[in-house]
Amino acid sequence: SVPFALDAAGRRILEKNQRLLDEYQGLSSGTAMAALLHCIGLVMVPEKPQGEDLQIGVVKASAAEHYWPIGAAPANAPGRALPKLFNKLNVTIDDQPVATVVNAVQKRLDVPILQDYPALAKQGLDLTRDRVTLPEQRSYYHSILRDSLRQVGMKYELRVDDRGQPFLWITTRARLKRSRPRQP
(Lines give C-alpha, C1' and ligand atoms only; values in the text may rest on other atoms or scores of the structure.)
Protein backbone atom coordinates (compact mmCIF):
# COMPACT_ATOMS: atom_id res chain seq x y z
CA SER A 1 0.00 0.00 0.00
CA VAL A 2 3.05 2.29 0.26
CA PRO A 3 4.10 3.59 -3.19
CA PHE A 4 7.62 3.29 -4.57
CA ALA A 5 9.55 6.30 -5.85
CA LEU A 6 12.44 5.63 -8.22
CA ASP A 7 15.23 8.08 -8.80
CA ALA A 8 16.74 8.31 -12.31
CA ALA A 9 19.69 6.00 -11.52
CA GLY A 10 17.39 3.39 -9.99
CA ARG A 11 15.07 3.57 -12.99
CA ARG A 12 17.99 2.99 -15.42
CA ILE A 13 19.12 -0.08 -13.46
CA LEU A 14 15.60 -1.54 -13.24
CA GLU A 15 15.02 -1.05 -16.96
CA LYS A 16 17.82 -3.52 -17.76
CA ASN A 17 16.73 -7.08 -18.42
CA GLN A 18 18.13 -8.95 -15.41
CA ARG A 19 17.71 -12.54 -14.30
CA LEU A 20 16.59 -13.36 -10.76
CA LEU A 21 18.95 -15.83 -9.15
CA ASP A 22 17.25 -16.66 -5.85
CA GLU A 23 13.80 -17.90 -4.90
CA TYR A 24 11.98 -15.40 -2.66
CA GLN A 25 8.91 -17.60 -2.04
CA GLY A 26 8.04 -17.68 1.65
CA LEU A 27 9.78 -14.42 2.56
CA SER A 28 7.98 -11.24 3.61
CA SER A 29 7.58 -8.78 0.76
CA GLY A 30 9.89 -6.20 2.42
CA THR A 31 12.74 -8.67 2.91
CA ALA A 32 12.28 -10.19 -0.55
CA MET A 33 12.29 -6.76 -2.21
CA ALA A 34 15.34 -5.62 -0.20
CA ALA A 35 17.25 -8.78 -1.21
CA LEU A 36 16.19 -8.53 -4.84
CA LEU A 37 17.19 -4.87 -5.11
CA HIS A 38 20.50 -5.54 -3.31
CA CYS A 39 21.46 -7.98 -6.08
CA ILE A 40 21.32 -5.18 -8.64
CA GLY A 41 22.92 -2.48 -6.51
CA LEU A 42 19.77 -0.77 -5.25
CA VAL A 43 18.22 -0.30 -1.81
CA MET A 44 14.88 0.79 -0.38
CA VAL A 45 14.77 3.95 1.71
CA PRO A 46 11.57 4.98 3.53
CA GLU A 47 10.90 8.66 2.70
CA LYS A 48 8.29 11.17 3.74
CA PRO A 49 8.60 14.28 1.58
CA GLN A 50 7.18 17.37 3.25
CA GLY A 51 3.43 17.49 2.83
CA GLU A 52 3.24 14.05 1.21
CA ASP A 53 2.50 10.51 2.35
CA LEU A 54 5.14 7.95 3.21
CA GLN A 55 6.81 6.38 0.19
CA ILE A 56 9.66 3.97 -0.40
CA GLY A 57 12.52 5.41 -2.39
CA VAL A 58 14.56 3.03 -4.54
CA VAL A 59 18.07 4.39 -4.96
CA LYS A 60 21.60 3.20 -5.71
CA ALA A 61 23.14 1.55 -2.64
CA SER A 62 26.12 3.90 -2.77
CA ALA A 63 23.77 6.90 -2.42
CA ALA A 64 22.07 5.70 0.79
CA GLU A 65 23.40 5.79 4.32
CA HIS A 66 20.39 4.07 5.93
CA TYR A 67 18.19 1.61 4.08
CA TRP A 68 15.77 -1.29 4.51
CA PRO A 69 17.78 -4.29 5.76
CA ILE A 70 17.74 -7.79 4.32
CA GLY A 71 16.32 -9.41 7.42
CA ALA A 72 17.67 -9.17 10.95
CA ALA A 73 19.29 -11.38 13.55
CA PRO A 74 16.66 -13.53 15.26
CA ALA A 75 15.51 -12.41 18.71
CA ASN A 76 15.73 -16.02 19.90
CA ALA A 77 18.75 -18.33 19.99
CA PRO A 78 19.48 -19.96 16.60
CA GLY A 79 18.24 -23.33 17.89
CA ARG A 80 14.85 -21.78 18.65
CA ALA A 81 14.63 -19.73 15.46
CA LEU A 82 15.49 -22.70 13.22
CA PRO A 83 15.63 -25.94 15.23
CA LYS A 84 16.36 -28.13 12.16
CA LEU A 85 19.73 -26.36 11.84
CA PHE A 86 20.89 -28.47 14.80
CA ASN A 87 19.65 -31.87 13.61
CA LYS A 88 22.51 -34.39 13.48
CA LEU A 89 23.33 -36.60 10.51
CA ASN A 90 26.19 -38.56 9.03
CA VAL A 91 27.97 -36.70 6.26
CA THR A 92 30.87 -37.08 3.85
CA ILE A 93 31.56 -34.45 1.19
CA ASP A 94 34.24 -35.23 -1.37
CA ASP A 95 35.28 -32.38 -3.67
CA GLN A 96 31.78 -31.09 -4.41
CA PRO A 97 30.71 -27.62 -5.53
CA VAL A 98 29.58 -25.70 -2.46
CA ALA A 99 26.30 -25.05 -4.30
CA THR A 100 25.58 -28.79 -4.15
CA VAL A 101 26.05 -28.76 -0.38
CA VAL A 102 23.93 -25.62 0.07
CA ASN A 103 21.11 -27.01 -2.12
CA ALA A 104 21.06 -30.32 -0.24
CA VAL A 105 20.92 -28.56 3.13
CA GLN A 106 18.24 -26.15 1.89
CA LYS A 107 15.98 -29.02 0.85
CA ARG A 108 16.30 -30.66 4.26
CA LEU A 109 15.88 -27.46 6.27
CA ASP A 110 13.03 -26.22 4.08
CA VAL A 111 14.13 -22.61 4.49
CA PRO A 112 15.01 -19.92 1.91
CA ILE A 113 18.72 -19.41 1.31
CA LEU A 114 19.73 -16.11 -0.27
CA GLN A 115 23.15 -15.09 -1.55
CA ASP A 116 24.91 -11.76 -1.24
CA TYR A 117 25.80 -11.75 -4.95
CA PRO A 118 27.53 -8.35 -5.04
CA ALA A 119 29.85 -9.19 -2.10
CA LEU A 120 30.60 -12.68 -3.41
CA ALA A 121 31.39 -11.34 -6.89
CA LYS A 122 33.62 -8.61 -5.47
CA GLN A 123 35.70 -11.30 -3.71
CA GLY A 124 35.69 -13.58 -6.78
CA LEU A 125 33.65 -16.27 -4.98
CA ASP A 126 31.21 -18.56 -6.77
CA LEU A 127 29.10 -21.30 -5.17
CA THR A 128 28.90 -23.25 -8.43
CA ARG A 129 32.66 -23.18 -9.06
CA ASP A 130 34.24 -23.34 -5.59
CA ARG A 131 34.55 -26.88 -4.22
CA VAL A 132 34.59 -28.30 -0.70
CA THR A 133 35.51 -31.50 1.12
CA LEU A 134 34.42 -32.68 4.57
CA PRO A 135 35.64 -35.96 6.07
CA GLU A 136 33.16 -38.61 7.14
CA GLN A 137 31.60 -37.45 10.39
CA ARG A 138 28.41 -37.10 12.39
CA SER A 139 27.52 -33.41 12.33
CA TYR A 140 24.81 -30.75 12.49
CA TYR A 141 23.50 -28.89 9.45
CA HIS A 142 24.87 -25.75 11.08
CA SER A 143 28.38 -27.22 11.17
CA ILE A 144 28.15 -28.65 7.66
CA LEU A 145 27.22 -25.24 6.24
CA ARG A 146 29.69 -23.33 8.40
CA ASP A 147 32.64 -25.61 7.63
CA SER A 148 31.85 -25.95 3.92
CA LEU A 149 31.43 -22.22 3.38
CA ARG A 150 34.51 -21.39 5.47
CA GLN A 151 36.68 -23.49 3.13
CA VAL A 152 35.87 -21.14 0.25
CA GLY A 153 35.91 -17.79 2.10
CA MET A 154 32.18 -17.60 2.76
CA LYS A 155 29.87 -17.74 5.74
CA TYR A 156 26.18 -17.97 6.42
CA GLU A 157 24.06 -15.93 8.78
CA LEU A 158 20.74 -16.97 10.22
CA ARG A 159 18.30 -14.09 9.73
CA VAL A 160 14.58 -13.54 10.07
CA ASP A 161 12.35 -11.59 7.72
CA ASP A 162 9.85 -8.88 8.67
CA ARG A 163 7.36 -11.54 9.81
CA GLY A 164 9.94 -13.41 11.94
CA GLN A 165 10.38 -16.27 9.43
CA PRO A 166 13.96 -17.63 9.33
CA PHE A 167 16.18 -17.69 6.26
CA LEU A 168 19.90 -18.10 5.63
CA TRP A 169 22.07 -15.38 4.09
CA ILE A 170 25.31 -16.46 2.38
CA THR A 171 27.99 -13.80 2.14
CA THR A 172 31.76 -13.40 2.34
CA ARG A 173 33.79 -13.93 5.46
CA ALA A 174 35.75 -10.76 4.71
CA ARG A 175 34.20 -7.44 5.71
CA LEU A 176 33.74 -5.25 2.67
CA LYS A 177 34.67 -1.65 3.23
CA ARG A 178 32.06 0.80 2.09
CA SER A 179 33.53 3.54 -0.05
CA ARG A 180 33.21 6.99 1.44
CA PRO A 181 32.41 10.09 -0.54
CA ARG A 182 35.47 12.16 -1.35
CA GLN A 183 35.89 15.35 0.62
CA PRO A 184 36.38 18.52 -1.48
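I began at aspartate 95, which lies in strand 4. I took strands as DSSP runs of E of at least two residues and helices as DSSP runs of H or I of at least four residues, both numbered from the N terminus. The model is predicted, so I noted the limits: local features need pLDDT of at least 70, side-chain atom pairs count only at pLDDT 80 or more, and totals for chains, interfaces and linings use all residues. Residues are numbered from 1 along each chain as its sequence is written, and side-chain values use heavy atoms, with hydrogens and water left out.

Entry 1: I read phi of aspartate 95 as near 50°, a positive value in a residue other than glycine. At 41% relative accessibility, aspartate 95 is partly exposed. For this I used buried for under 20% relative accessible area, exposed for over 50%, and partly exposed for in between (1.4 Å probe, protein chains only). I then went to aspartate 110, in the loop between helix 4 and strand 5 (113-115). Aspartate 110 is not a glycine either, yet its phi is positive, about 55°.

**Entry 2: the whole chain.** I listed six helices and eight strands. Along the sequence I read them as β-α-α-β-β-α-β-α-β-α-β-α-β-β. The C-alpha trace spans about 60 × 35 × 35 Å along its principal axes. Of the 184 residues, 40% are buried. I also looked up contacts (heavy atoms within 4.5 Å). Among those with a separation of 6 or more, 66% join residues 24 or more positions apart.

**Entry 3: helix 6 against helix 4.** Two packed helices are described by the angle between their axes and the distance between the axes. I found that the axes of helix 4 (residues 98-109) and helix 6 come within 10 Å and cross at roughly 160°. The axes are lines fitted to C-alpha atoms, for helices over the stretch in contact, and the angles run from 0 to 180 degrees between N-to-C directions. I therefore recorded helix 4 and helix 6 as roughly antiparallel to each other. The classes are under 35 degrees for roughly parallel, over 145 for roughly antiparallel, 65 to 115 for roughly perpendicular, and oblique for the rest.

Which residues make the contact? From helix 4 I listed Val98, Val101, Val102, Val105, Arg108 and Leu109, and from helix 6 Tyr141, Ile144, Leu145, Ser148 and Leu149. By class, I have nine nonpolar, one polar and one charged residues in this contact. Here Ala, Val, Leu, Ile, Met, Phe, Trp, Tyr, Cys and Pro count as nonpolar, Asp, Glu, Lys and Arg as charged, and the others, Gly among them, as polar.

**Entry 4: the buried side of helix 6.** I noted Tyr141, Ser143, Ile144, Leu145, Ser148 and Leu149 as buried in helix 6. The buried residues pack against strand 4 (88-97), helix 4, strand 6 (131-140), strand 7 (154-160) and strand 8 (166-172). Just after helix 6, I read a positive phi of about 80° at glycine 153.

**Entry 5: serine 148.** Serine 148 sits in helix 6 (residues 141-151). Is serine 148 buried or exposed? I have it at 1% relative accessibility, so it counts as buried. Not counting residues up to four places away in sequence, serine 148 touches Ile93, Val98, Val101, Val132, Leu134 and Ser143. A polar atom of its side chain lies 2.8 Å from the backbone oxygen of isoleucine 144.

**Entry 6: arginine 146.** Arginine 146 is also in helix 6. At 31% relative accessibility, I put arginine 146 down as partly exposed. Its side chain and that of aspartate 147 are joined by a polar contact of 2.9 Å. A polar contact is a pair of N or O atoms within 3.5 Å; within protein, one must be able to donate a hydrogen and the other to accept it, and residues adjacent in sequence count only if both atoms are side-chain atoms. I have 9.3 Å between the C-alpha atoms of arginine 146 and glutamate 157, which are 11 residues apart along the chain.

**Entry 7: leucine 127.** I located leucine 127 in the loop between helix 5 (117-122) and strand 6. Leucine 127 is buried, at a relative accessible area of 4%. Leaving aside neighbours within four places in sequence, I listed its contacts as Pro97, Val98, Ala99, Val102, Gln115, Leu120, Met154 and Ile170.
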